[in-house]
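I opened this entry to keep track of what I looked up, element by element and chain by chain.

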Amino acid sequence: MRTLAEIQADFRNAVIHGDTNGIAHELVGGLKPDRRLSVHQRNYETSLVDALLVKFPATGWLIGTPFLTHAAKDFIRAHPPTAPCIAEYGDSFPAFLSVCALAERVSYLRDFAELEWHVGQVAIAVDFAPISAEAFSGVVPDALPNFRLKLQPGLRYLNTSWPVDELMKLYLTETAPEQLELASIEIWLEIRGARGQFQFNRLNPAEFVFRKCISEGGSIGEAAECSLDTDTGVDPGHVLAALISDGLATTVTQTADQHHDNF
Amino acid sequence: MTTPMMCTPPTPGIGLRLAHLEEMVAARPPVGWLEVHPENFLANPHAAELLAELSVHYPVSIHTVGISVGTASGIDRLHLIRIRGLVDQINPIFVSGHLAWSSYGNEYLNDLLPLPYTEETARLVTSHVDELQNTLGRPYLIENPASYVGFKSSAMNETVFLHEIVQRTGCRLLCDVSNVVVSAHNMGSNPQTYIDDFPAEAIAEIHLGGFTPVEDEATPGAELWIDTHAAPIAERSWDLYAHALRRFGPKPTLIEWDNQLPRLTTLVGEARYADRVARTILMETAHADAG
């Protein structure tokens, strides 16, 4: 008798790839039981395609729902989910879209879809009480570069060569013109949101790399170096102060195991 | 497994989906309890925050679709730990899942797939339910599936298999009456007999949900009933619910509706109807006992 693992391997092939050869003879149910596997094939495909369409409505608006649906079907066959929280599935879909045929004609497709993914993620975040500048009152200036900040969960950073934020505003305000030609321009976006709300703002490059470095776990010193590499004229202290005054930092730590909400 | 559960809710509850969440918080309609799929809340901190708010006002049950007790390659322990976190946060009245498998290696197939009822499967499910109950620190409820195919290799029927799992693990059962209706139609069995054979002593909860008839590709001219949770509860499900209550006695009952969601008031109406059915059966039973 075949093992459960062998049966499930064949069942999986039937569900994802429609190959019922390995499992058909195992089944009962109706005159041709293997035909009923279409129920599970549809459940798999439809539920995941629907999940992606719900996450990327603006991308569907941009390229058309039929194309997005087709791409989603290809995506779920190539990249099945790896975990049960389907709301977290699809972060690599923008990159997948960038190698689809239509992407050659819509150069900004990946970046637009990434912006939409980030918007969806920040909108379901919750924010926490921010720290104020007083949190640093006891810190001697020489020690400051060794500190790290934890930022609000609903923050993402996106550097793109297209004004996808303008395109997204057209979608959100339902004001798309009949025809639109985007001109390439490098922008540095901060996407911020919480509890159903979101916004995206353009930052200057030095401020962007500073905040992005901090958001990725870099120290204040590392972030300052990044921003100076980008713009030698920038004042990292000013950039840090703006980050704090914008309410984006929630905790400050000197080392991995020492929290300093107040010094 | 000796951890007691909270006292059971007296009136039927509804499955709470994200689309109804804010309205639920604002209106707080009179339903006995709420049941959520944790997978929708673990990935959505804002929704989890609102759920925590609701859990102050309603008993909440956690009904996972992602814990795959029948997966040969093992349950997703990372997911289990996340569920444990939600359980610790909202202290649900029940934690339940399905007699099914959904994962293959590192892939999650997002469906409840059928199992052959063999000794090998029983040992595997027993091992996974033990792990679940030890991790969660409370009894786990297993739901009977809606079936479209079975396996020639099955050595026992579903109710015998469930009885085995209850005996081996001390778990509890969630009897989805609509799944019984769907499976009986699709597999050619008798739904009343299934209810009569169900391990009544282990039942902690009952589910009712809508199904959708489609053409059966396996049998031209016949219908296959799909457990879509996208329609009102069918008359024959209500009839079997009444039969189940006569056999099991009053049990916490939940209305499930996941797709093509109606207005919240429709769900509340279905819960009220379930309450009326339950009260009728209760009175009928009381009169019979008195007579």
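My notes on the barrel, a helix pair, the chain contact and the domains follow.

**Ground rules.** I am working on a predicted model, in which local features need pLDDT of at least 70 and side-chain atom pairs count only at pLDDT 80 or more, while totals for chains, interfaces and linings use all residues. Residues are numbered from 1 along each chain as its sequence is written, and chains are lettered from A and ligands numbered from 1 in the order in which they are written.

**Barrel of chain B.** I traced 8 strands of chain B that close into a barrel with parallel pairing, in the order β1-β2-β3-β4-β7-β9-β10-β13; strands (E, at least two residues) and helices (H or I, at least four) are DSSP runs, numbered from the N terminus. From one strand to the next the twist averages 30 degrees. I then checked one pair, β3 (residues 60-63) and β4 (residues 95-98) of chain B, which run parallel and are joined by 2 bridges, where pairing asks for at least two bridges found by DSSP. In this pair I62(B) stands opposite V95(B).

I also noted that helix α10 (residues 264-290) of chain B lies across β1 (13-15), β10 (203-209) and β13 (253-256) of chain B, running at about 145 degrees to β13(B).

**Helices α4 and α5 of chain B.** The axes of α4(B) (residues 77-90) and α5(B) (residues 119-136) come within 10 Å and cross at roughly 40 degrees; axes are lines fitted to C-alpha atoms, for helices over the stretch in contact, and angles between N-to-C directions run from 0 to 180 degrees. That makes α4(B) oblique to α5(B), since angles under 35 degrees count as roughly parallel, over 145 as roughly antiparallel, 65 to 115 as roughly perpendicular and the rest as oblique. On the α4(B) side I found L80(B), R84(B) and V87(B), which meet L132(B), T135(B) and L136(B) in α5(B).

**Between the chains.** I found 42 residues of chain B in contact with 42 residues of chain A, contact being C-beta atoms, placed from the backbone, within 7 Å. On the side of chain B that touches chain A, β6(B) gives the most, with 6 residues. Strand β1 (residues 27-28) of chain A and β8(B) run antiparallel and are joined by 2 bridges, with L27(A) opposite F151(B).

**Domains of chain A.** Chain A is divided into domain 1 (1-106) and domain 2 (127-263), with bounds from an automatic or database domain assignment. Taken over C-alpha atoms, the centres of these two domains are separated by 36 Å.

Terms used
Contact = placed C-beta atoms within 7 Å.
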